[in-house]
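Here are my notes on the model, in numbered points. Please read them with the structure open.

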Amino acid sequence: MLRPESARWQGYVEDTITIDWQTPKVMERARKLAAGHADHVAKASAVYAFVRDEIAHTADAGRDELPCRASEVLEAGTGIGFSKSHLLAALLRAVGVPAGFCYQVLRRATPGDATLLYGFNGVYLQSLERWIALDARGNKPGLYADFSTEEPRLAVRADPARGEWVYPLIWTRPAAVVVDLLSRNKSLAKIADHVPAELPGVTREGAPVGASVL
């Protein structure tokens with residue numbers, strides 16, 4: 001069960017260097033996406049569909065860009081899952097929907113193989129008074145995610161039997177290790193062997209042991 005790391009709502013709507021939702025182009029795109037939608041559920045669904053379907057997953061599209069900031073992802077029109085989660089959070093915050101960051105650890109193939117970190121979003125819907133999980137990675141054969149106010153429909157689900165897990169917290173800011181990966185590398189081809197195996201300094205239960213966020 002996902003739960004917010006902070007009881008302070010400000011963290012889930014703040015504008016930051018990475019989640020720069022007050023950038024004019026992000027605000028304008030958010031305004032257009034929310035137009036005609038009266039409630040937060042409809043707004044969130046429209047924003048989610050745009051990021052999932054209209055912002056290409058870099059690998060799926062055969063591209064190489066690796067944007068990090070939300071405004072960069074919007075301008076490039078592409079990004080990996082981490083990048084797309086940054087844009088989704090920014091657009092949602094721009095229309096008044098609190099949004100944070102969630103992570104799970106998956107196996108590359110078999111249970112004995114190395115792990116890698118996978119990001120998605122936690123979103124609060126005020127009218128329903130609950131958090132939901134959204135994965136805007138982008139669909140392709142074998143991977144399907146969708147907007148759901150009930151059971152999460154993630155493109156990939158952690159399987160405990162394979163030694164995989166979901167961190168139970170919804171963080172206000174993206175993990176520092178993720179921001180560092182995207183900020184230091186501008187080419188997808190260069191990070192294949194450098195995707196974090198898990199969140200450093202964080203237990204499986206989400207307890208911080210020295211990890212920072214940006």
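1. Terms for pockets first. On a 1 Å grid over the protein atoms alone, a pocket is an open set of points where a 1.4 Å probe fits, with protein on both sides within 12 Å along at least five of seven lines. Lining residues have an atom within 4 Å of a point. A volume is the space filled by probe spheres set on the points, and grid points are joined across faces, edges and corners.

2. Basis. This is a predicted model, in which local features need pLDDT of at least 70, side-chain atom pairs count only at pLDDT 80 or more, and totals for chains, interfaces and linings use all residues. Residues are numbered from 1 along each chain as its sequence is written, and side-chain values use heavy atoms, with hydrogens and water left out.

3. Second largest pocket. The space in this pocket is about 410 Å³. Its lining has 20 residues; M1, L2, W131, A133 and P152 lie nearest the centre. Strand 6 (residues 130-134) gives the largest share, four residues.

4. Largest pocket. The volume here is about 520 Å³. Among its 20 lining residues, H57, I80, L116, Y118 and R137 are the closest to the centre. Helix 4 (81-94), strand 4 (99-107) and strand 5 (115-125) each give two or more residues to the lining. Strand 5 supplies the largest share, four residues.

5. The largest pocket has 13 nonpolar, three polar and four charged lining residues. For the second largest pocket the classes are 13 nonpolar, three polar and four charged. Ala, Val, Leu, Ile, Met, Phe, Trp, Tyr, Cys and Pro count as nonpolar; Asp, Glu, Lys and Arg as charged; the others, Gly among them, as polar.

6. Elements. The protein has five helices and eight strands. Helices (H or I, at least four residues) and strands (E, at least two) are DSSP runs, numbered from the N terminus.

7. Four strands form an open, antiparallel sheet in the order 6-5-4-7. Strand 6 and strand 7 (165-166) are at the edges with a single partner strand each, so one side of each has no neighbour in the sheet. Strands pair if DSSP finds at least two bridges between them. Two bridges join strand 4 to strand 7. V166 in strand 7 is the bridge partner of Q104.

8. Overall size. A compact globule of 214 residues would have a radius of gyration near 17 Å; the protein has 16 Å, which agrees. That radius is taken over C-alpha atoms, and the globule rule is 2.2 Å times the number of residues to the power 0.38.
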